[in-house]
Amino acid sequence: MSSYDLDALLRVTSSTYRGVRPPDIAFGTYDGAVGRLVLAVTGKGIAACSFEAENDVFELISRHMGDFIGPDPRRLDPVRRELDAYFSGRLRAFATPVDLTLATPFARTVLQKTMGVPYGTTTTLEEIGESIGRPRALRAIGNALASNPVCVIVPCHRVVRADGSLGDYAGGAAAKQHLLNVERRASAGN
């Protein structure tokens with residue numbers, strides 16, 4: 001990232017930034033139970049809910065989606081409220097639309113299938129592979145899940161290894177376990 005890009009990132013993410021019109025892509029963060037998540041919301045929906053560093057997400061968004069990026073509480077706050085409700089066990093399904101523009105076509109297929117995994121349950125790479133007609137593409141499916149740009153909301157944390165162990169997760173094993181525990185506790189409470 002160039003120093004110009006970094007200066008632009010710092011300027012538009014400043015709490016004092018006031019643009020002449022709302023940005024095309026709302027950009028901000030959410031600090032929650034699994035750490036800091038970097039958020040980006042487009043006119044289509046949430047395009048990023050990422051454990052990656054802010055400058056990395058900013059660069060990815062600006063390279064692939066547009067460069068009029070900045071804070072916009074009008075679009076970010078509803079996502080933050082949904083994340084708060086999810087982490088407290090009060091929300092089972094996100095209402096915020098998802099924008100998978102940052103995912104490859106194959107990853108979109110995998111992530112859309114993952115969005116169908118019911119709250120409080122898990123599935124395996126093998127089951128995802130069977131359901132998309134690609135039972136032998138386990139490595140590609142794993143890579144698609146690992147590159148999920150909309151973690152938590154697109155529940156790749158619900159995909160575990162065939163032996164029941166957690167497997168990898170962008171936010172780390174502790175974050176994945178926490179997300180699964182939130183869902184199990186909330187499901188058990190009903």
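Trainee: Which residue in S3 is the bridge partner of Val 38?
Mentor: The bridge partner of Val 38 in S3 is Ser 50. This is a predicted model, in which local features need pLDDT of at least 70, side-chain atom pairs count only at pLDDT 80 or more, and totals for chains, interfaces and linings use all residues. Residues are numbered from 1 along each chain as its sequence is written, and side-chain values use heavy atoms, with hydrogens and water left out.

Trainee: What makes S2 and S3 a pair?
Mentor: Two strands pair if DSSP finds at least two bridges between them. Strand S2 (residues 35-41) and S3 are joined over four bridges in the antiparallel sense, so they pair by that definition. Strands (E, at least two residues) and helices (H or I, at least four) are DSSP runs numbered from the N terminus.

Trainee: Why are S3 and S4 called edge strands?
Mentor: The open sheet has the order S3-S2-S1-S4, with mixed pairing. Strand S3 (46-50) and strand S4 (69-70) each pair on one side only.

Trainee: With which residues is Thr 29 in contact, its neighbours within four places in sequence left aside?
Mentor: Thr 29, found in strand S1, is in contact (heavy atoms within 4.5 Å) with Arg 36, Leu 37, Val 38, Leu 39, Glu 54 and Arg 80. Thr 29 and Glu 54 are 25 residues apart in sequence, yet 8.1 Å apart in space, C-alpha to C-alpha.

Trainee: Why is H4 called roughly perpendicular to H6?
Mentor: Helix H4 (residues 105-114) and helix H6 (residues 138-146) pack at an angle of about 75 degrees, with their axes 9 Å apart. Angles of 65 to 115 degrees count as roughly perpendicular, under 35 as roughly parallel, over 145 as roughly antiparallel and the rest as oblique, so H4 is roughly perpendicular to H6. Axes are lines fitted to C-alpha atoms, for helices over the stretch in contact, and angles run from 0 to 180 degrees between N-to-C directions.

Trainee: Which residues meet where H4 packs on H6?
Mentor: Phe 106, Ala 107, Val 110, Leu 111 and Thr 114 in H4 meet Ala 140, Ile 141, Ala 144 and Leu 145 in H6. The residues of this contact divide into eight nonpolar, one polar and no charged. Ala, Val, Leu, Ile, Met, Phe, Trp, Tyr, Cys and Pro count as nonpolar, Asp, Glu, Lys and Arg as charged, and the others, Gly among them, as polar.
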